[in-house]
Amino acid sequence: MRSIWGLLLLFLGQTVAYTIPTVRFEYPTMRGFRASIPDTPGLQMFAFHARLNKPFEQFEEGDYTEDITVPDEEGRWTYDTNKPALPNGTIIYYWVYVQFANEGYWLTDKKHTVIRTKATAAPRTTTTKPTTTTVPPCPATLTTLNGGQSTCAGKLIFEDTFELGSFAPKWQHEVRIPLDTDSAEFVSYQNLPENSYIAAGRLVIVPTLVTQSADYNDERIRTGELTLAGCTSPTNNPYECQRKAARSTILPPVVSAKLNTKHHFRFRYGRVEIRAKLPKGDWIFPRKHTHN
């Protein structure tokens with residue numbers, strides 16, 4: 001019983017190789033800082049997220065954040081703030097999202113230690129920006145992403161071909177005993193390497209029987225208890241996190257995997273395309289869901 005998924009969500013586009021440059025930090029005044037990357041033809045947005053002396057766990061908003069949509073007069077995409085006092089030794093933890101040629105790129109788990117010297121960056125010049133700019137065409141569309149961000153008709157807004165060999169940061173595993181499916185009494189979703197992995201640019205989902213584990217047998221399924229560490233019940237329902245077998249209630253005999261992008265990517269309206277090889281057999285329900 002094997003389900004091999006190659007997931008591709010398309011809005012038409014062409015992949016262009018791009019590597020996010022090293023973020024440059026400057027201290028033009030006694031307070032605050034400036035973070036920037038150089039402009040490159042095709043760069044559309046520089047989103048900077050930072051906080052002081054506290055690492056990010058995932059993709060939290062941060063205390064100092066802004067989506068920069070145009071470069072400055074010096075040809076750099078720049079985030080600038082004069083709010084925090086930054087003594088030497090302060091650690092700026094940050095992550096960056098860059099949109100380049102209609103593709104998204106991330107720079108994660110980064111940090112910068114503040115070291116001020118007598119020579120600081122020169123204040124910004126006040127040169128007047130040109131009054132004429134060339135704006136690429138962006139046909140209107142009802143599609144929005146990540147809580148209301150607008151986009152252009154015909155634009156690719158999300159893609160994963162699993163060539164990087166990692167679930168993070170796009171995908172998260174659900175860990176729960178589902179109550180919202182027809183097979184709820186038979187399956188639990190868990191984050192186990194034998195049930196979901198990436199191989200040769202493919203997401204592979206493999207349902208297994210709990211009796212394949214040395215810890216389980218028919219007797220335990222009918223009389224035992226299952227507690228899922230790291231449970232992700234969307235409604236915080238304890239019955240999705242713990243189950244005790246009794247009488248007609250048994251422990252789910254099948255373990256499978258379910259993944260979602262809700263902490264990384266959401267959209268409303270659009271077209272979804274998936275390349276997948278689906279299994280054939282009893283008790284197998286390959287599904288693709290979109291949730292509000």
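1. The lining of the second largest pocket comprises, by class, 20 nonpolar, 15 polar and 8 charged residues. Here Ala, Val, Leu, Ile, Met, Phe, Trp, Tyr, Cys and Pro count as nonpolar, Asp, Glu, Lys and Arg as charged, and the others, Gly among them, as polar. A pocket is an open set of points on a 1 Å grid over the protein atoms alone, where a 1.4 Å probe fits, with protein on both sides within 12 Å along at least five of seven lines; lining residues have an atom within 4 Å of a point.

2. The model is predicted: local features need pLDDT of at least 70, and side-chain atom pairs count only at pLDDT 80 or more, whereas totals for chains, interfaces and linings use all residues. Residues are numbered from 1 along each chain as its sequence is written, and side-chain values use heavy atoms, with hydrogens and water left out.

3. The chain contains 1 helix and 21 strands; these are DSSP runs numbered from the N terminus, with at least four residues (H or I) for a helix and at least two (E) for a strand. Of its 292 residues, 40% count as buried, that is, under 20% relative accessible area, against over 50% for exposed and values in between for partly exposed (1.4 Å probe, protein chains only). Among contacts (heavy atoms within 4.5 Å) between residues at least 6 apart in sequence, 68% join residues at least 24 apart.

4. The second largest pocket holds about 1,200 Å³ of space, a volume being the space filled by probe spheres set on grid points that are joined across faces, edges and corners. Its lining has 43 residues, and Tyr97, Gly104, Trp106, Lys170 and His264 are the closest to its centre. Two or more lining residues come from each of strands E4 (43-52), E5 (64-68), E7 (91-100), E8 (103-113) and E10 (149-150). The largest share, 6 residues, is that of E8. Domain 1 (24-114) and domain 2 (154-260) each give at least three residues to the lining; these bounds come from an automatic or database domain assignment.

5. Beyond neighbours within four places in sequence, His264 is in contact with Trp106, Asn146, Phe158, Pro169, Lys170 and Gln172.

6. The peptide bond from Ala168 to Pro169 is cis, with omega near 0°, and Pro169 lies in the loop between E10 and strand E11 (172-173). Asn146, in the loop between strand E9 (144-145) and E10, has a positive phi of about 50° although it is not a glycine. Asn146 is partly exposed because its relative accessible area is 33%. Most residues other than glycine have a negative phi, and most peptide bonds are trans.

7. Ala200 also has a positive phi, near 55°. Ala200 is found in the loop between strand E13 (196-199) and strand E14 (202-205), and counts as exposed because its relative accessibility is 73%.

8. Gly147 belongs to the loop between E9 and E10. With 72% relative accessibility, Gly147 counts as exposed. The C-alpha atoms of Gly147 and Arg268 are 8.5 Å apart, although the two residues are 121 apart in sequence.

9. Cys152 is found in the loop between E10 and E11. Its relative accessible area of 18% is why Cys152 counts as buried. Cys152 and Cys138, 14 residues apart in sequence, are 5.0 Å apart C-alpha to C-alpha. Not counting residues up to four places away in sequence, Cys152 touches Cys138, Pro139 and Thr141.

10. The largest nonpolar core has 25 residues, and Val23, Phe25, Phe33, Phe48, Val96 and Val98 have the most contacts inside it. Such a core is a set of buried Ala, Val, Leu, Ile, Met, Phe, Trp, Tyr and Cys residues joined through side-chain atoms within 4.5 Å. Strands E3 (31-38), E4, E5, E6 (76-85), E7 and E8 each supply at least two of its residues, with the largest share, 5 residues, coming from E7. Val23 touches Ala35, Ser36, Ile37, Phe48, Tyr94, Val96 and Leu107, residues up to four places away in sequence being left out. A second, separate core of 12 residues includes Ile157, Phe158, Phe167 and Ile205.
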